[in-house]
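Me: I've just opened my protein model and I'd like to learn how to read it. Can you walk me through it, one feature at a time?

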Amino acid sequence: QVQVVESGGGLVQPGGSLRLSCAASGITFSLYDMGWYRQAPGKQRELVVIITSEGSTNYADSVKGRFTISRDNAKNTVYLQMNSLKPEDTAVYSCNARRIAGLYRKYDYWGQGTQVTVSS
């Protein structure tokens, strides 16, 4: 069975740091693009950052320079290091595993999300 599980969310003060983890099982992890998304109350879900199976990254402008994504294929885990957190970073953060295999097969899996709250 495929499972994607996030952890590491919590309450932090503005300017603080937090590290999220996403562990995936039931997939060939190294073949998947891995992404972090977030959704704040009353707003649409947005892409925070993606790291491809090749290791390239793309960050949303709002987090560039503050957040860092990394992956450990040996542990089937992707991380999101969040520094200089702002109240507007408050959201549910979800992990996504995505792969396109050949012409017809697509795989797209989501975790349950973890709450990040930035408040004084």
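**Reading the model together**

Reply: Let's begin with strands: β9 is joined by 6 bridges to strand β10 (residues 105–110), and the two run antiparallel. Strands pair if DSSP finds at least two bridges between them. Strands here are DSSP runs of E with at least two residues, and helices are runs of H or I with at least four, numbered from the N terminus. Before we go on, this is a predicted model, where local features need pLDDT of at least 70, side-chain atom pairs count only at pLDDT 80 or more, and totals for chains, interfaces and linings use all residues. Residues are numbered from 1 along each chain as its sequence is written, and side-chain values use heavy atoms, with hydrogens and water left out.

Me: What do β9 and β10 form, and how many residues are between them?

Reply: They form a hairpin with 3 residues between them. In the turn, G102 has a positive phi of about 70°. Look also at A101, which stands opposite R105 in β10.

Me: Which cysteines form a disulfide?

Reply: A disulfide is a pair of cysteine sulfur atoms within 2.5 Å. Searching the whole structure turns up 1 disulfide. C22 and C95 form it, with their sulfur atoms 2.0 Å apart. C22 lies in strand β3 and C95 in strand β9, so the pair ties together parts that are 73 residues apart in sequence. The link is left-handed, with -85° about the S-S bond.

Me: Are C22 and C95 buried or exposed?

Reply: Buried means under 20% relative accessible area, exposed means over 50%, and partly exposed is in between (1.4 Å probe, protein chains only). Both C22 and C95 are buried.

Me: How many residues has the largest nonpolar core?

Reply: A nonpolar core is a set of buried Ala, Val, Leu, Ile, Met, Phe, Trp, Tyr and Cys residues joined through side-chain atoms within 4.5 Å. The largest one has 31 residues, and those with the most contacts inside it are M34, W36, V78, L80, M82 and Y93. Our friend β9 gives the most to this core, with 5 residues. For a closer look, pick L80: counting contacts as heavy atoms within 4.5 Å, and leaving out residues up to four places away in sequence, L80 touches residues including W36, V49, F67 and Y93.

Me: Now for charges: how many salt bridges does the structure hold?

Reply: Side chains of opposite charge can pair when their charged atoms come close. The cut-off for a salt bridge is a side-chain nitrogen of Lys or Arg within 4 Å of a carboxyl oxygen of Asp or Glu. The structure holds 4 of them. In one of these, the side chains of R38 and E46 meet at 2.7 Å, N to O. R38 counts as buried because its relative accessible area is 6%, while E46, at 34%, is partly exposed.

Me: Where is D89, the partner R38 meets in another salt bridge?

Reply: D89 sits in the loop between β8 and β9, while R38 is in strand β4, 51 residues apart. Their side chains meet at 2.9 Å, N to O. D89 is buried, with a relative accessible area of 0%.

Me: Which strands hold R98 and D108?

Reply: R98 and D108 form a salt bridge, their closest N and O atoms being 3.8 Å apart. R98 lies in strand β9 and D108 in strand β10, so this pair ties together parts that are 10 residues apart in sequence. R98 is partly exposed at 30% relative accessibility, and D108 is partly exposed at 42%. Finally, salt bridges that share partners join R38, E46, R66 and D89 into one network.
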